[in-house]
Amino acid sequence: MSPSLLQDPEMHFGAVTFFAKEHKGETCGSNGLPLTPNSIIIYGRAQILKTIKHPNLCQYLDIIRGKHERTVIVSQYCGEQLSNFLNKGLFTILDIKRIAYQIFSGLNEIHLKKITHRCLSPENILLQENNSIKLFNYGLFHMTDNGKLVSFPIIQLIYTAPEVYLDGVSGNLSNPKVDIWSVGIILAELVLDKPLWQSLKLGQRIRKILSLVQGNTSVFERIAREHNCYEKYQDLSSDLKVIIEDCLNILPQHRPTVAEILKNPIFDKFKDVPDTNRSKICDKFEKFTIEELYHWWQLAGGEVLLELKKQGLIRSSPPILSVPKMVLIDGSILGQERNPSSLYDPRVIPMPLESLYQRFSHINTYSYYPLIHFKSEILASVEPSPYDAEKLPLVIREKDPEYQFHRIILFRRLLHGYPYTKQEIFKEAKRDIPPLLRGSIWASLLNLKSNYEQEYTVIDKETPTPTDRQIEVDIPRCHQYNELLSSGEGHKKLKRILKAWIYKNSQYVYWQGLDSLTAPFLYLNFNDEAKAFACLSSFIPKYLHNFFLKDNSAIIQEYLAKFSQLIAFYDPVLANHLQTINFIPELFAIPWFLTMFSHVFPLHKILHLWDKLLLGDSSYPLHVGLSILAQLRDTLLTSGFNECILLFSDLPEVDMEQCVNHSLESYASTPKSITARSHQNEEYEEITLSDIQSISVQQLNKEKCPRICVNDVIALIRNSPNEVIIVDIRNPLQFNRCSVKGSLNIPFSSVKFGDINIENIGTYSTVLKNQEKKIVVIVGTEDTNLELFPKYLLQCNVAKVCVLHGGFNTFLPISPTILVQNQM
Amino acid sequence: MANRTPAAQRPNGSTQGKICQFKLVLLGESAVGKSSLVLRFVKGQFHEYQESTIGAAFLTQTVCLDDTTVKFEIWDTAGQERYHSLAPMYYRGAQAAIVVYDITNQDTFGRAKTWVKELQRQANPNIVIALAGNKHDLMNKRMVEYEEAQAYAEENGLLFMETSAKTAMNVNDIFLAIAKKLPKNEQTAGPGGSGQGRRLVEGDTGAKTAGNCCK
């Protein structure tokens, strides 16, 4: 049965909560910006903990900021606290050795990452049903910057090493040897099968630990004697005894490191072959991961803060009670009661999973193992029809737990097969991208290579450069409403990525806006800076080729000229209006295209926009620009220059889903050569011989309607003859000699351009007036004026007008079959 | 709201006097507070994390002076040196300019001087230039002395004030001082007129096709 697949005893999680220290008095730093709240600093520092995955460590899942600097930490929480098993004679010496080995293995993992536990105790060691152990809450000391960001001391009474007390409880001694002491005490308790100094009061316990500092006999022996367990001590096999005694050395430098202890042969029998075969793009394959379970749980209505409230961990007291009795004129506060909740509350609240189990109970086993490439008819007939949510709006699909279940299971499987599954990933990404896996999916859409980490490591990100000042002033104002990007860690990472990119791309320079462009990648890969950098590095050549040249004017000018032409192509009325009021894209669209809209929209909108952008080429943003204008069309049409520019200085809410759909539509239905640019990157978008090349920006600006290449015209005539009108403006003689089947001949010389009225064209004016969705291709010769006529049609509000690049003669060598001759 | 200029609350065109429109441009090194000054003047707001300006932004605000209504069309430009080549498009034809520097950063003052020189050389010869030493709220970090800046302003015939977009100090005052100094006779335009901004951009078409985005 499938629910059992979901109900894994280790797939449980719980939450703890505490308050970050509030900033007293001063609210602004030396740069005039408000001090970053400590809870945000913690939020940033804690992110890295989510990447720690080890069988002997509970995995961190989420950090949530509540009101008033409250921080909630969600982490895997399963099994039972080791303290519950003491004093019951449950463990053999072999058991204790195994436990010791697993504690050290877990510690080794965090010490390698330069993280000190600092509050190791039997409460933070969880024994699983299968007798393995997991360490819990090992990140508290790290995320609080060695305790500096909270107002409570991070200690565990008797488990805390004496030097921590000597340093002062508010000190932030971070030597990993303090953890070794803690393990020593824990092992002593296990061996003696007794909680130590249990009957003593808090102060006395601390005094006991400090008293151990004096005297030069074995600490372990003294502890054993004090607890009347000397026999047990004496009987203990010397191998384990030595380890405990080493751990309980008074001087930290005499205690061994975890790595040294793990080398001890008594642990050899517990070691198994490490798992080294891991993919770079995604983690090793599991039927589902605890992050995914947590994600589904949240989608299915699970709310951590609510559970904490239910269990009484978050209590709200009326604000009136927190008003101080007196505030002096200098701002100091008197008579404010100390809020007990600012102390540390060690309680862990397990999150109930029943409702999720219920919600997913009907999902059958097959769904956990979707077949991707091949499915026999027999199998297909057994499976239920796929969960259908496709017609729902994207935002609903993203919140639907069951839909996200299927999408995530499928995508993780596909990502696991990357790069061989590139095409399948692309195909599925067209439907939608599950937010939980967006970072990895984007990376695969951007063709990331597996060695991205090494590449990033070797880049110099530290040496000061003249650009640093600009980067430093830009970062503190780049998407700062976002918790990750406003945290200190976020600032540091963004700066390193930007510096790395500048260093790596010496042909380019830092233009303001590069920061915004990097932000989405950093946000999605916060714990993998190298990946964020690699994504940026593949994104720019594809979508912003040469935009960051020191002299990028040619590239930008061409892009904007193409944009103007695209507006004229789809919306002549708007184009004419903007032309009349002289409202040129240069005034508003540079930040749009230079940053691919990342300077214009908030992150959540950029993510949805880029989900689609990554499936298209560098012309897609032009269509996005077009659809933004389409949404503002009514206002623009009734506004003058000032109103228009004001509208863009403070861009109103844009419906992103509508914008994306509209732009996808026009992107799909626009012949490629209409938006082709000479500055696009040939590595990504081929420029064939017949494509439009080497047209100067000046020329481009004169041509109000876009050019189309002969191949696109032929494809239109062949594949969708009802969607194209060929207007031949050569003289009748030429036309009769040879022309495209079904084309209309409106000789250039027969049109009076002075008067803007479509009727002037003559017989064919009704056809053009009512052409609606058809593309109008103007065909002339190389020596006819190819600007005037299309411009005239544009002024008459005829949409979808374009000009055949190279004129009629380009048809001759390529496709004589669509031509007719000698009509006379 | 309290920081709005009282005059600005009067609806546009409600006075019986004449209405003048002026194009004003803000220039200065990046992150000195150009956008913040405009935001404070136009909307009475202050954002701690004001985003960087790419290209330029445009805002308008109206102030009343005796019997004249002065409508400012404000071009707020990008500060990064690289965007420099876009600047002429905005200051060409402008009747007023505010050159902003950050009093806590000597380099930005140097940059302000370069802007003043460029305006004196390239802009409208009658342009009214004001120098704003912004971030007065960070006085204890001051690196540019008031006297130094004032002496420089006097030498060059600039209006000068130290301002703070954060506390609103001198923000309205500097715009009002500019409004007072601007000639009101020739520039009169009716309400709903096409606006200076537009005309100035029109006049610029030649230059912009030549590749204005950067040098």
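Predicted model: local features only at pLDDT ≥ 70, side-chain atom pairs only at ≥ 80, totals over all residues.
Which residues does N105(B) touch, not counting residues up to four places away in sequence?

**Chain B as a whole**

Chain B has seven helices and six strands. Followed from the N terminus, its elements run β-α-β-β-α-β-α-β-α-β-α-α-α. The chain comprises 215 residues, of which 60% count as buried. Among the contacts in chain B with a separation of 6 or more, 76% are made by residues 24 or more positions apart.

Next, select residues 56-65 of chain B, which form strand β2. Is this strand enclosed or open? Of its 10 residues, 10 are buried, so β2(B) is largely enclosed by the rest of the structure.

Now show the side chains of the strand. In a regular strand, side chains alternate between the two faces of the sheet. In β2(B), A56(B), F58(B), T60(B), T62(B) and C64(B) point one way. A57(B), L59(B), Q61(B), V63(B) and L65(B) point the other way, and the residues of both sets are all buried.

Then move to the turn of the hairpin, where two residues stand between the strands. There, D66(B) takes a positive phi near 45°.

**The second largest cavity**

Rolling a probe the size of a water molecule over the atoms shows where empty space is left. In this model, the count comes to four cavities of 30 Å³ or more. The second largest cavity holds about 70 Å³ of space. To find it, select T77(B), A78(B), Y83(B), H84(B) and A87(B), which are the closest to its centre among the 14 residues of its lining. The elements that give two or more residues to this lining are α2 (87-91) and α3 (106-122) of chain B. By residue class, the lining of the second largest cavity consists of seven nonpolar, five polar and two charged residues.

**N105 of chain B**

Select N105(B), in the loop between β4 (96-102) and α3 of chain B. Because its relative accessible area is 18%, below the 20% limit, N105(B) is buried. The opening question can now be answered: N105(B) touches R469(A), M143(B) and V144(B), leaving out residues up to four places away in sequence.

Turn to chain A and select residues 432-617, which an unreviewed UniProt entry annotates as "domain: Rab-GAP TBC". This span is 60% helix and 0% strand, and its end C-alpha atoms lie 18 Å apart.

Then select residues 720-820 of chain A, annotated in UniProt (unreviewed entry) as "domain: Rhodanese". Here the chain is 23% helix and 21% strand, with the end C-alpha atoms 19 Å apart.

**N731 of chain A**

Leaving aside neighbours within four places in sequence, N731(A) is in contact with N745(A) and P747(A). Finally, draw a distance from N731(A) to G302(A), which is 429 residues apart from it along the chain. Their C-alpha atoms are separated by 74 Å.

Conventions. Residues numbered from 1 in each chain as written. Chains lettered and ligands numbered in written order. Heavy atoms only, no water. 1 Å grid on protein atoms, 1.4 Å probe; cavity = no way out; pocket = protein on both sides within 12 Å on 5 of 7 lines; lining within 4 Å. Points joined across faces, edges and corners; volume = space filled by probe spheres on them. Helix = DSSP H or I, 4+ residues; strand = E, 2+ residues; numbered from the N terminus. Nonpolar A, V, L, I, M, F, W, Y, C, P; charged D, E, K, R; others polar. Buried < 20%, exposed > 50% of the residue type's maximum accessible area, 1.4 Å probe, protein only. Contact = heavy atoms within 4.5 Å. UniProt positions renumbered as here; feature names shortened; annotations may be inferred. Pairing = 2+ DSSP bridges.
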